[in-house]
Amino acid sequence: MSDGPDSPELSLILAHMAEAVVALDGGGKIIFINPSTARLFQLEADQVAGRSILETIRNNDLHEIAKSVRETSLPRSDEITILSPEERIFEVQTVPLEISPAETGALLVLHNITRLRRLEEVRKDFVANVSHELRTPLAAIKGFAETLRLGAIEDKEHRDEFIASIEKHAENLTAMVDDLLKLSAIESKQQAPKLEPISLFEIITAIVTSLSKSAKQNNIRLAIQSLDALPEIRADRSQIKQLFTNLIENAIKYNRPGGNVHIAGNVDGNSIVITVADTGIGIPHEDIPRIFERFYRVEKGRSREMGGTGLGLSIVKHIVEAHGGSIRVESEEGKGSIFSVRLPINSDLTQTHNSTLGKILDDIDKHHSKTLKKLTG
C-alpha cells in the first residue's frame, strides 16, 4: 500500500475520480493520494508519503476527523471548509482502513461541493428577491382594491386613478412573471438556441423602428452605424431579438432628454461585436460587477417606476452565453454606458460525446463502491 494501489483496475479508477482520496496509516501519516488530491491542493504526489495532513493540506478539521476514525474505527461523514490554496467546501466521507490486525488507519474521500453550496445561496437570495419584488405591486393592488371597496368606487374624481394604478401594477407583475419564465427556460436548457442564419442588421433595424416612438417621446436620438455590411451569423432569431431589445430599451429608459443611443458593429476575427452606447445617467463603478444579477437595480425607485422587472440584463447575459458569446460594459456615472456584445459568426453548440472518456466514467460509477471496499480491506 505504501507504493499506492497495485491493481490496474483500481489505479485507473482512482486516477480518473473527481473526488480527492487520501489514505492514512495508524499514525496519521499519508500512505497514498490520488491525482485529484494533488491537483486540488497543489501537491506533489510522490513527495507526500509519510507526512501528516496538517503538513500537506493544512486543515485541523480534517486532521481531527481522521484521528477520530482511526481511534474509534467508526466511519463518519462531515462537511468542512478548507481555505488553502483557495476557499472551498468539501463533503468528507471517512472510513477506517485496516493496515494490520494491530493497526487501523483512515481512508478519506473528499467531494468538492463548493459550487453546490454557492448555488444554494444564490437560490435562497433569488427566493428572497422574488418575494420582495412581488410584495410591492401586490400590496399596492390590494390597497387600491380595498379603497374602492370601502366607498372610493363612488368617488368619480379618484376612481379612475385607482383603477389605472391597479392595471399598471398588474402589468408589472405580468411582465415580471414573463421574464422569470424566459430566464428559467434559458437557464434550464429547455429553450436551447435554435440556430439559423440571421442578419443582425435586419433584426436591430426592426427593433430600432419599433422603439422609435418611445425614443421620440423621450427626445432620444437613435442611430445605427456599420451594421449593413456585417455577415450573417448562426443564432436563435427570437433570443437575439430579445437580447438587443432589452439593451436598446434600457439605453432609452436610462438616458436624458436630448440624449443619443448609438448602435454599431464590426467583425473581429470569428466574431461580431455589437455595441450599444448611450449618453445617459451611467452606472456607478461599484455597481458594474452586479448589474447582470437577477433583480439588481442601480436606481431601484426609477427602475420600478419605468416598469422594469430587474431581470432584463440577466436575460441578456444568459442569451449571450447560451450562444457561446460574451458581454461587457463600460460606464461612467453621469456620462453614459457602452454595452459590447460579442457573438461567434458560426456557432456550433452541439456537444460531442467522447466514447472513450464516457466508458471510463461509466466504469468509475460501476466500480465506485467496489473500489472503496477494496481500499478499506
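This note walks through a predicted model of one protein chain, point by point.

1. **Overall make-up.** The protein chain has 377 residues, and 40% of them count as buried. Its secondary structure consists of 11 helices and 12 strands. The accessible surface comes to about 21200 Å². Carbon and sulfur atoms hold 50% of that surface.

2. **Contacts along the chain.** Take the contacts in the protein chain with a separation of 6 or more. Of these, 63% are between residues 24 or more positions apart. Several of the pairs below can be read against that figure.

3. **Helix α8.** This helix covers residues 237-253. Does its length agree with its residue count, or disagree? At 1.5 Å a residue, its 17 residues should span 24 Å. The end C-alpha atoms are 24 Å apart, so the two values agree. Buried residues in α8 include Q239, I240, L243 and F244.

4. **K253.** This lysine lies in helix α8. Its relative accessible area is 27%, so K253 is partly exposed; the buried class would need a value under 20%. I220 is 33 residues away from K253 along the chain. The C-alpha atoms of K253 and I220 are separated by 9.4 Å.

5. **Salt bridges: the count and R76–D78.** Side chains of opposite charge can pair when their charged atoms come close. The count here comes to 10 salt bridges. In one of them, the side chains of R76 and D78 meet at 2.7 Å, N to O. D78 has a relative accessible area of 16%, so D78 is buried.

6. **Salt bridge R117–E79.** The side chains of R117 and E79 also meet in a salt bridge, again with 2.7 Å from N to O. This pair links distant parts of the chain, 38 residues apart. R117 sits in helix α5 (residues 114-149), while E79 sits in strand β3 (residues 76-82). R117 counts as partly exposed because its relative accessibility is 22%. E79 is partly exposed as well, at 45%.

7. E332 and K335 join their side chains in a salt bridge of 3.5 Å, N to O. Elsewhere, salt bridges that share partners join E79, R117 and E120 into one network.

8. **Aromatic pair F41–F90.** A pair of aromatic rings is described by the distance of the centres and the angle of the planes. The structure holds three aromatic pairs. One of them is F41 with F90: the ring centres are 5.7 Å apart and the planes are at 40°, so the pair is tilted. The two residues are 49 apart in the chain, with F41 in helix α2 (residues 35-41) and F90 in strand β4 (residues 88-100). F41 counts as buried because its relative accessibility is 6%. F90 is buried too, at 0%.

9. **Aromatic pair F292–F339.** F292 and F339 form an edge-to-face pair. Their rings lie 6.4 Å centre to centre, with 90° between the planes. F292 lies in the loop between β10 (271-278) and α9 (300-305), and F339 lies in strand β12, so the pair ties together parts that are 47 residues apart in sequence. F292 is buried, with a relative accessible area of 15%. F339 counts as buried at 9% relative accessibility.

10. **S337.** Strand β12 covers residues 336-344 and contains S337. Is this serine buried or exposed? Its relative accessibility is 4%, so S337 counts as buried. A polar contact of 2.7 Å joins its side chain to that of S331. Leaving out residues up to four places away in sequence, S337 touches V276, A277, D278, G282, I283, E330 and S331.

Methods. Residues are numbered from 1 along each chain as its sequence is written. This is a predicted model: local features need pLDDT of at least 70, side-chain atom pairs count only at pLDDT 80 or more; totals for chains, interfaces and linings use all residues. Side-chain values use heavy atoms; hydrogens and water are left out. Helices (H or I, at least four residues) and strands (E, at least two) are DSSP runs, numbered from the N terminus. Buried means under 20% relative accessible area, exposed over 50%, partly exposed in between (1.4 Å probe, protein chains only). A polar contact is a pair of N or O atoms within 3.5 Å; within protein, one must be able to donate a hydrogen and the other to accept it, and residues adjacent in sequence count only if both atoms are side-chain atoms. Contact means heavy atoms within 4.5 Å. Accessible areas come from the Shrake-Rupley method with a 1.4 Å probe; for residues, only the protein chains shown count as cover. The expected span of a helix is 1.5 Å times one less than its number of residues. A salt bridge is a side-chain nitrogen of Lys or Arg within 4 Å of a carboxyl oxygen of Asp or Glu. Rings of Phe, Tyr and Trp (its six-membered ring) pair if their centres lie within 6.5 Å; planes under 30 degrees apart count as stacked, over 60 as edge-to-face and the rest as tilted.
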